[in-house]
Amino acid sequence: MSYQALYRKFRPENFEEVKGQDHIVTTLKNQIRSDHVGHAYLFCGTRGTGKTTVAKIFARAVNCENPGEKGPCGECEMCHAIAAGNSMNVVEMDAASNNKVDDIRQVIEEVQYSPAQGRYKVYIIDEVHMLTTSAFNALLKTLEEPPSYLIFILATTEVHKIPMTILSRCQRYDFKRISVDTIVARLRELLDQEGIAAEERALTYIAKLADGALRDGLSLLEQCISFYFGEELTYEKVLKVLGAVDNEVYASFTRALAAGDVAEMMRIIDGIMSAGKDLARFCDELIWYMRNLMIVKSTEHPEDIIDMSQENLDTLTRTAKELELDMIFRYIRVLSEVENQMKYSDQKRVLFEVALIRLSRPEMEKDYESIVNRLHNIEEKLKNGLVAAQKVQTTELSSDIAEEEVPMKILESAVPGEVKSLAGNWHQVLNQLDPVSRNMLNHVTLTVDEGGALVVAFSEDTAYEYFSGEGDHKEKLCHAAEELIGKSINIEFRLVADQREYDALPELRGLFADSDIEIEAID
């Protein structure tokens, strides 16, 4: 027999093997036992929680010749026929690819005929929310007045898209996310059957990544044991295969964030990217780490809520002491915003780095959480004596200036030809800027306005706000340009949201990249 994926090989065959959905399994078994089977069921919940599996078990149970406490007996002729997919009593339909009204009309024509064998004809419609409005309307009449032998089981992950007219005619069952402990127990049971050794810590981490979906947990487990075939599965091996990051990295990253150490944060990000880890997953898990910090700061017994080892909990507690609760709220808010933006952007790293700079510089924002963050930073500097040292340094500098006035050098204004030549040598300007600013300016259009100013046109508001906001990024760019040509230059920033208008802008870099005008740097 050909190889089967773990989630298929160990798919539950009866109600007893279904894990984490006892409230649904008990109800369905009681209905079969009392012969009070309904005509329409709606199974809703997140992916991998057992909706389709329970639907198939229920379809076999209602047609089984000898149903028992576990549901279908698995031995009778009907059970074998349905399990092999040879029975006309159970029909599975994928609404994602069969969502038109003609597909439902064909179903309605088929249900007019009673089953030749067995008691019920069961239609399992998966992803039912994908049906069109016309298809739902066609299905409605049959749901309203079904034949006595007909059962519809509708499964969906997006119940809010189901019309109320359909919902009101179905028995609704909400499948819960499966707990970490339940997933770990199931993974351990399957590994014992397969004869594979694994650390409890490794299975726990896989279960957490599964996010309540047992099928996802099995897929992740299969990925790990395939990579380390014939070896014991350890926590470190799981981290390597799944591209995950250890908790100590999140602790170091959070401390660097609280200290405003942008260089350290960029170094950690470089390490994560070099190791081939997904930046979006890192952001998601960083949000969960912040959530755990919030729990530690807000409760007396966080160990009752946070599922982790005592060693990691101690590290979490030490990190939480360095932060204010309002700072954590701000971190979660900003990181959640950028995580959503990263889903639709090709510049994930740039967006993430901009968010980190925003977080490390609360003076860029004026909300309450940012003010608390700024006060925290001032208090930390006072503890370390940095503010006093800066004040003395400023006073000494002022006295030196008083003794000897330094004449300010006034630069001549650049002429249009020099502005265009500067655009043609834009890479030289970028070389003088920090990595984040360079990334922001890599995807802009350079043009010139009627007044001779260099216009930097942005198509994304994130990069535009980075330079037009309250920071000194614009001043640094102007200084880099003036250092290059030795002339004063006026740089304007514009946001061109309309893509056609943006594409129509003349690009100076292409026209003047080989300019013969010589650019002299300031001595």
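This passage walks through a predicted model of one protein chain, from its overall make-up to a few individual residues.

Let's start with the big picture. The chain has 523 residues, and 44% of them count as buried.

A198 sits in the loop between α8 (180-194) and α9 (200-210). Is A198 buried or exposed? Its relative accessibility is 9%, so A198 counts as buried, the cut-off being under 20%. Leaving aside residues up to four places away in sequence, A198 touches R188, L191, L203, E232 and L233. There is also I225, which is 27 residues from A198 in sequence, with 9.3 Å between the two C-alpha atoms.

Next come the charged pairs. In general, side chains of opposite charge can pair when their charged atoms come close. The count for this model comes to 20 salt bridges. One of the pairs is R60 with E13, where the closest N and O atoms are 3.6 Å apart. This pair links distant parts of the chain: R60 belongs to helix α3 (residues 51-63), while E13 is in the loop between α1 (6-9) and α2 (22-34), and 47 residues separate them. The two partners also fall into separate burial classes. R60 has a relative accessibility of 9% and therefore counts as buried, whereas E13, at 44%, counts as partly exposed.

R105 and D102 make another salt bridge, again with an N to O distance given as 3.6 Å. R105 itself is partly exposed, with a relative accessible area of 46%.

A further salt bridge brings together the side chains of K237 and E231, at 2.9 Å from N to O. K237 is buried, since its relative accessible area is 18% and the limit for that label is under 20%. E231, on the other hand, has a relative accessibility of 40% and so counts as partly exposed. Elsewhere, salt bridges that share partners tie K29, R33 and E69 into one network.

D35 has a phi near 60°, which is a positive value in a residue other than glycine. D35 is found in the loop between α2 and β1 (40-45). With a relative accessibility of 44%, D35 counts as partly exposed. E127 also has a positive phi without being a glycine, in this case near 50°.

How values were computed. Residues numbered from 1 in each chain as written. Predicted model: local features only at pLDDT ≥ 70, side-chain atom pairs only at ≥ 80, totals over all residues. Heavy atoms only, no water. Buried < 20%, exposed > 50% of the residue type's maximum accessible area, 1.4 Å probe, protein only. Helix = DSSP H or I, 4+ residues; strand = E, 2+ residues; numbered from the N terminus. Contact = heavy atoms within 4.5 Å. Salt bridge = Lys/Arg side-chain N within 4 Å of Asp/Glu carboxyl O.
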